[in-house]
Amino acid sequence: MLEFYDSDDKAGTVTFYDRHLLLNSKFIKYCEDTYKVRVGIDKETNEVYIFLLDKDHALSGEIKESSMLPISVSKSYVRVASKQLIDYITKSFNFTINKGQSAQFIARYDDKKKCIIVDMGGKKNV
């Protein structure tokens, strides 16, 4: 049976550095209207959830200001800068990232949850 290659346009990578995380270019289209992000972890499933919030939702008062993080969207990547966030994630999933190092994980966009889900169970590289 003949099978054709079909690129998964919802899959990409998230790279953690010591002070920020980068979403690769696959996720730019989902972040175009994003004003802030909210990040949660699920230790049972080994996943990090990056919820994309538009300006109206972020400023609605439904979510505590202290739980939202700024986001920078460029032509080739999306950056969330927060050393505290990186420290929280690395401690939660028991790995370290020293200055000049990184850890890359497979991620996917979830239409129903409107978030990017990072699979922390398998590092792509460090």
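In this predicted model, K36 is buried, with a relative accessible area of 16%, a value that falls under the 20% limit used for that class. The residue is found in strand β3, and its side chain meets that of E65 in a salt bridge, with a distance of 3.5 Å from N to O. Because E65 lies in the loop between α2 (55-58) and β5 (69-70) while K36 belongs to strand β3, the pair ties together parts that are 29 residues apart in sequence. A separation of another kind is found between K36 and N98, which are 62 residues apart in sequence and lie 26 Å apart in space, C-alpha to C-alpha.

The contact between K36 and E65 belongs to a set of three salt bridges held by the structure. In general, side chains of opposite charge can pair when their charged atoms come close. Another of these contacts joins the side chains of R108 and E47, at 3.9 Å from N to O. Here R108 lies in strand β8 (residues 103-110) and E47 in strand β4, so the pair ties together parts that are 61 residues apart in sequence. With a relative accessibility of 37%, R108 counts as partly exposed, while E47, at 13%, counts as buried.

A salt bridge is also formed by D87 with K83, and the closest N and O atoms of this pair are 3.2 Å apart. Both D87 and K83 lie in helix α3 (residues 83-92), where they are four residues apart, or about one turn of the helix. The relative accessible area of D87 is 28%, so that this residue is partly exposed, and K83 is likewise partly exposed, with a value of 34%.

The strands that carry K36 and E47 are themselves joined, since β3 and β4 run antiparallel and are linked by seven bridges. Within this pairing, D42 stands opposite E47 of β4, the residue whose side chain also meets that of R108. The hairpin of β3 and β4 has four residues between the strands, and in this hairpin N46 takes a positive phi near 55°. Strand β4, which spans residues 47-53, is mostly covered, as six of its seven residues are buried.

Strand β1 (residues 11-16) is also mostly covered, with five of its six residues buried. This strand pairs with β8 in the antiparallel sense over six bridges, and in that pairing T15 stands opposite Q104 of β8. Strand β1 pairs as well with strand β2 (residues 20-24), again in the antiparallel sense, over three bridges. The bridge partner of V14 in β2 is L23, and a hairpin joins β1 to β2 through three residues. As a general point, the side chains of a regular strand alternate between the two faces of the sheet.

Positive phi values also occur in loops of the model. In N94, a residue other than glycine, phi is positive and near 55°; this residue has its place in the loop between α3 and β8, where N94 is exposed, with a relative accessible area of 72%. A positive phi near 55° is likewise found in K114, which is also a residue other than glycine. The loop that holds K114 lies between β8 and β9 (115-125), and at 48% relative accessibility K114 counts as partly exposed.

On the surface, E32, D33, D54 and D56 gather in a patch of negative charge. One of these residues, D33, is found in the loop between α1 (28-31) and β3 (36-42), and its relative accessibility of 66% makes it count as exposed.

Technical notes: Residues numbered from 1 in each chain as written. Predicted model: local features only at pLDDT ≥ 70, side-chain atom pairs only at ≥ 80, totals over all residues. Heavy atoms only, no water. Patch = residues over 30% accessible without salt bridge, like charges linked within 9 Å, V, L, I, M, F, W, Y side chains within 5 Å. Areas by Shrake-Rupley, 256 points an atom, 1.4 Å probe, with all protein chains shown as cover. Salt bridge = Lys/Arg side-chain N within 4 Å of Asp/Glu carboxyl O. Lys, Arg positive; Asp, Glu negative; His and termini not counted. Charge placed at Lys NZ, Arg CZ, Asp CG, Glu CD. Helix = DSSP H or I, 4+ residues; strand = E, 2+ residues; numbered from the N terminus. Buried < 20%, exposed > 50% of the residue type's maximum accessible area, 1.4 Å probe, protein only. Pairing = 2+ DSSP bridges.
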